[in-house]
Amino acid sequence: AAGGGGGASDDDTVEIALKVDGMMCEGCVESVTEALRKASPDVAAVDVNLESKMVRVGVKAESAVAGLTLMPALVDAVKGAGFDAEPEF
């Protein structure tokens with residue numbers, strides 16, 4: 001994402017992938033989604049794949065590195081909801 005263009009930086013989202021174990025049903029998916037949305041005001045999107053146990057979280061960040069600084073909070077949020085989570089790089 002190059003600089004300039006005026007205000008485009010507000011739309012920069014970085015995708016963070018988490019592997020979440022313990023999800024068995026749609027209810028679990030909703031719990032994980034809600035926990036991640038509450039984890040940070042920068043969470044813009046949450047996409048949970050129940051079959052692959054992969055969760056993709058879109059976060060508003062200036063760069064991939066800035067997005068990754070949210071990783072511990074996201075992992076903690078999922079663990080707080082009662083599931084096991086680890087980053088997938």
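Let's start with a term: a residue counts as buried under 20% relative accessible area, as exposed over 50%, and as partly exposed in between, using a 1.4 Å probe and protein chains only. What you have above is a predicted model, in which local features need pLDDT of at least 70, side-chain atom pairs count only at pLDDT 80 or more, and totals for chains, interfaces and linings use all residues. Residues are numbered from 1 along each chain as its sequence is written, and side-chain values use heavy atoms, with hydrogens and water left out.

Now pick out helix α1, residues 26-39. (Helices, H or I with at least four residues, and strands, E with at least two, are DSSP runs numbered from the N terminus.) On one side of α1, E26, E30 and K38 are exposed. And which residues of α1 are buried? They are C28, V29, V32, T33, A35 and L36. Viewed down the axis of α1, the buried residues fall within an arc of 165 degrees, so they line one face of the helix; the arc is taken from the directions from the helix axis to the C-beta atoms. Here's the background: an α-helix has 3.6 residues a turn, so residues three or four places apart point the same way.

What covers that buried set? The cover includes β1 (13-21), β2 (43-49), β3 (54-60) and α3 (71-80). Zoom in on L36: leaving aside neighbours within four places in sequence, L36 is in contact (heavy atoms within 4.5 Å) with L18, V43, V46, V55, V57, L74 and V78. T33, with a relative accessible area of 18%, is buried too, and beyond its neighbours within four places in sequence T33 touches V46 and V48.

Next, the sheet. It is an open one, with 4 strands in the order β2-β3-β1-β4 and antiparallel pairing; two strands pair if DSSP finds at least two bridges between them. β2 and β4 (84-88) are the edge strands, each pairing on one side only. β1 and β3 pair over 7 bridges, and E15 sits opposite G58 in β3. α1 packs on the sheet, touching β1, β2 and β3, and its direction makes about 160 degrees with that of β2. Such angles run from 0 to 180 degrees between N-to-C directions, with axes fitted to C-alpha atoms, for helices over the stretch in contact. α3 lies across β1, β2, β3 and β4, at about 35 degrees to β1.

Finally, the largest nonpolar core has 23 residues, and L18, V20, V32, L36 and V55 have the most contacts inside it. (Such a core is a set of buried Ala, Val, Leu, Ile, Met, Phe, Trp, Tyr and Cys residues joined through side-chain atoms within 4.5 Å.) β1, α1, β2, β3 and α3 each supply at least two of its residues.

Terms used
Expected span 1.5 Å × (residues − 1).
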